[in-house]
Amino acid sequence: MEKIDKINELISPIIKGLKDEGAQIEGEEGGYPAAGTRNVSACIGNRVCPFANYDTTALALKIEKLIYLMTIT
């Protein structure tokens with residue numbers, strides 16, 4: 001955390017490059033902005049957890065296919 005200002009300064013040209021390429025980036029100051037869709041994540045679901053009621057891993061894979069419009073293997 002002591003070097004966060006220096007790190008932000010060093011990555012600033014990279015973030016600017018993303019903006020120049022048309023990426024939608026918000027909140028440039030005080031953190032690391034996102035440039036695109038986040039990863040889909042899920043709890044371990046009933047494949048592992050004895051208290052789970054649903055296969056959340058399979059659901060997350062279905063959602064990823066809808067978001068990314070590609071086949072996830």
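Visitor: Leaving aside its neighbours within four places in sequence, which residues is threonine 56 in contact with?
Guide: Threonine 56 is in contact with Ala42, Cys43, Ile44 and Gly45, its neighbours within four places in sequence being left aside. Contact means heavy atoms within 4.5 Å. This is a predicted model, in which local features need pLDDT of at least 70 and side-chain atom pairs count only at pLDDT 80 or more, while totals for chains, interfaces and linings use all residues. Residues are numbered from 1 along each chain as its sequence is written, and side-chain values use heavy atoms, with hydrogens and water left out.

Visitor: Is threonine 56 buried or exposed?
Guide: Threonine 56 counts as buried because its relative accessibility is 16%. Buried means under 20% relative accessible area, exposed over 50%, and partly exposed in between (1.4 Å probe, protein chains only).

Visitor: What lies 3.3 Å from a polar atom of its side chain, that of threonine 56?
Guide: That is the backbone nitrogen of glycine 45.

Visitor: Which helix does threonine 56 lie in?
Guide: Threonine 56 lies in helix H2, and leucine 61 has its place in that helix, which covers residues 56-68. Helices (H or I, at least four residues) and strands (E, at least two) are DSSP runs, numbered from the N terminus.

Visitor: Why does leucine 61 count as partly exposed?
Guide: Leucine 61 counts as partly exposed because its relative accessibility is 36%.

Visitor: Changing topic, where is tyrosine 54?
Guide: Tyrosine 54 is in the loop between helix H1 (4-20) and H2. With 46% relative accessibility, tyrosine 54 counts as partly exposed. Leaving aside neighbours within four places in sequence, tyrosine 54 is in contact with Gly45, Asn46 and Leu59.

Visitor: Which residues form a nonpolar patch on the surface?
Guide: Tyr54, Leu59, Ile63 and Ile67 form that patch, with about 340 Å² of accessible area together. Patches are made of residues with over 30% relative accessible area and no salt bridge; like charges are joined within 9 Å, nonpolar side chains (Val, Leu, Ile, Met, Phe, Trp, Tyr) within 5 Å. A salt bridge is a side-chain nitrogen of Lys or Arg within 4 Å of a carboxyl oxygen of Asp or Glu. Accessible areas come from the Shrake-Rupley method with a 1.4 Å probe, and for residues only the protein chains shown count as cover.

Visitor: And how many helices and strands does the chain have?
Guide: The chain has two helices and zero strands. Buried residues make up 10% of its 73 residues.

How values were computed: A polar contact is a pair of N or O atoms within 3.5 Å; within protein, one must be able to donate a hydrogen and the other to accept it, and residues adjacent in sequence count only if both atoms are side-chain atoms.
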